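The stops below go one selection at a time.

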Amino acid sequence: MGPVLARMELAAGRTAEDGPLLGDDGWVGGARVGLGADTPVGPVRFEYGYSTEERGAVYVRLGRWF
């Protein structure tokens, strides 16, 4: 089993239908933190994220992307 990794990811984005590209409305931010490790079945990650829209989500990845 490989090393255990602590991960943190920050993100921001905007959605809009009309108006300026970098306007003031529609912006959302978020963060995700968790742990990952290399295992005999491939890399695994367990993370939790939360956004400025007061929504949370659990992220689980087992194995590699194809």
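Begin with the loop between β3 (42–51) and β4 (56–62), and select Glu54, which sits there. Strands, like helices, are DSSP runs numbered from the N terminus; a helix (H or I) needs at least four residues and a strand (E) at least two. Glu54 is not a glycine, yet its phi is positive, about 60°.

A word on provenance before the next selection. This is a predicted model, in which local features need pLDDT of at least 70 and side-chain atom pairs count only at pLDDT 80 or more, while totals for chains, interfaces and linings use all residues. Residues are numbered from 1 along each chain as its sequence is written, and side-chain values use heavy atoms, with hydrogens and water left out.

**Whole chain**

Zoom out and colour by secondary structure. The chain has four strands and zero helices, in the order β-β-β-β along the sequence. The C-alpha trace spans about 50 × 25 × 15 Å along its principal axes. The radius of gyration is 16 Å, whereas a compact globule of 66 residues would have one near 11 Å; the value is taken over C-alpha atoms, and the globule rule is 2.2 Å times the number of residues to the power 0.38. Of the 66 residues, 21% count as buried.

Select Ser51, in strand β3. With a relative accessible area of 18%, Ser51 is buried. A polar atom of the Ser51 side chain lies 3.1 Å from the backbone nitrogen of Glu53. Not counting residues up to four places away in sequence, Ser51 touches Val28, Gly29 and Gly30, where contact means heavy atoms within 4.5 Å.

Step across to Gly30, in strand β2 (residues 27–39). The C-alpha atoms of Gly30 and Ser51 are separated by 4.0 Å, although the two are 21 residues apart along the chain. Gly30 counts as partly exposed, at 28% relative accessibility. Leaving aside neighbours within four places in sequence, its contacts are Glu9, Leu10, Ala11, Tyr50 and Ser51.

Which side chain does Arg45 join in a polar contact of 2.9 Å? Select Arg45 in strand β3 and show side chains: the partner is Glu47. A polar contact is a pair of N or O atoms within 3.5 Å; within protein, one must be able to donate a hydrogen and the other to accept it, and residues adjacent in sequence count only if both atoms are side-chain atoms. Arg45 counts as buried at 13% relative accessibility. Beyond its neighbours within four places in sequence, Arg45 is in contact with Arg7, Arg32, Leu35, Gly36, Tyr59, Val60 and Arg61.

From that list, take Tyr59, which is found in strand β4. A polar contact of 3.2 Å joins its side chain to that of Arg61. Not counting residues up to four places away in sequence, Tyr59 touches Arg32, Arg45, Phe46, Glu47 and Trp65.

Key:
Buried < 20%, exposed > 50% of the residue type's maximum accessible area, 1.4 Å probe, protein only.
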